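Reader: I am new to this structure and would like a friendly walk through it. Could you take me along one step at a time?

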Amino acid sequence: MQGDLERVLFDEPTILRRLDEIAAQISTDYRGRELTVIAVLNGSLMFMADLLRRIPLALKLDCLSVASYQAQTSGEVIFKQVAPPDVKDRHVLILDDILDSGHTLAAIREKVETARPRSLRICVLLSKKKRRAREVDADYLGFEIEDEFVVGYGLDYDERYRNLPCIGVLRKELITSSK
């Protein structure tokens, strides 16, 4: 599968070093408080598992599943859960794999805000350097990348490549040929 990459942007040791740094910052920021983490499935699964193991705080974990592929075209985000997790008066951290158009994270942020958390922050592994359709800022950021199609470490193309231990740019001919 790694042969399908045009190039590797971040190898596994680089990703894990950056997760150590993010975890240290989150641990400092939430010291003495219980944290509720809401992970956006499926893309954040690897990121979530590796990051949370590095955070030595009491925390609760919940997951949201959304149809984010629709967000890239129409801006509509479909939530697969009937109700958001109960986060009233809690310190909430939303984890997602990538900040791209902003549609998905903006919709999730708005839905979680309706539950009246005490605080709400966003952590993403990757953020694309581009103009967003919706204004969203990450409080914690792994890496900033160019506007390229990336896979690996949870990120997929057509549900493939999630299990790559690195993050890389998928060869363009593979994106068009399989659709």
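Predicted model: local features only at pLDDT ≥ 70, side-chain atom pairs only at ≥ 80, totals over all residues.

Reader: What kind of pair do the rings of F149 and Y157 form?
Author: Their centres are 5.5 Å apart, and their planes meet at 90°. Planes over 60 degrees apart fall in one class. The pair of F149 and Y157 is therefore edge-to-face.

Reader: How many aromatic pairs does the structure hold, and what is the angle between the planes of F10 and F143?
Author: There are 2 aromatic pairs in the structure. F10 and F143 form one that is stacked, with 3.9 Å from centre to centre. F10 sits in strand β1 and F143 in strand β7, 133 residues apart, so the pair links distant parts of the chain. The angle between the planes of F10 and F143 is 20°.

Reader: Which element gives the largest share of the largest nonpolar core?
Author: This core has 30 residues, and I26, L51, L95, C123, L126 and I167 touch the most other members. Elements that give two or more residues include α1 (12-29), α2 (45-52), β5 (91-99) and β6 (119-128). With 5 residues, the largest share comes from α1.

Reader: How many residues are in the other core, which lies apart from it?
Author: L64, L99, V112 and I122 are among its members. In general, nonpolar side chains in soluble globular proteins tend to be buried together. The other core has 16 residues.

Reader: Which elements do the buried residues of α2 pack against?
Author: In α2, the buried residues are F47, M48, D50, L51 and L52. They pack against α1, β2, β3 (59-67), β5 and β6.

Reader: How many of the 10 residues of β6 are buried?
Author: β6 pairs with β5 in the parallel sense over 8 bridges, and I94 stands opposite I122 in β6. β6 also pairs with β7 in the parallel sense, over 5 bridges; here V124 has L141 as its bridge partner. β6 is largely enclosed by the rest of the structure, because the number of its residues that are buried is 7.

Reader: Which helix lies in the β-α-β unit with β5 and β6?
Author: This unit runs from β5 through a helix of residues 103-113 to β6, and it is right-handed. The helix is α3.

Reader: Which strands stand at the edges of the open sheet of 3 strands?
Author: The order of this sheet is β1-β9-β8, with antiparallel pairing. Between β1 and β9 there are 4 bridges, and R7 stands opposite V169 in β9. Two strands have a single partner strand each, so one side of each is left without a neighbour in the sheet. Those edge strands are β1 (5-10) and β8 (150-151).

How values were computed. Residues numbered from 1 in each chain as written. Heavy atoms only, no water. Core = buried A, V, L, I, M, F, W, Y, C linked by side-chain atoms within 4.5 Å. Buried < 20%, exposed > 50% of the residue type's maximum accessible area, 1.4 Å probe, protein only. Pairing = 2+ DSSP bridges. Right-handed = clockwise from strand over helix to strand, strands pointing away. Phe/Tyr/Trp six-rings, centres within 6.5 Å; stacked < 30°, edge-to-face > 60°. Contact = heavy atoms within 4.5 Å.
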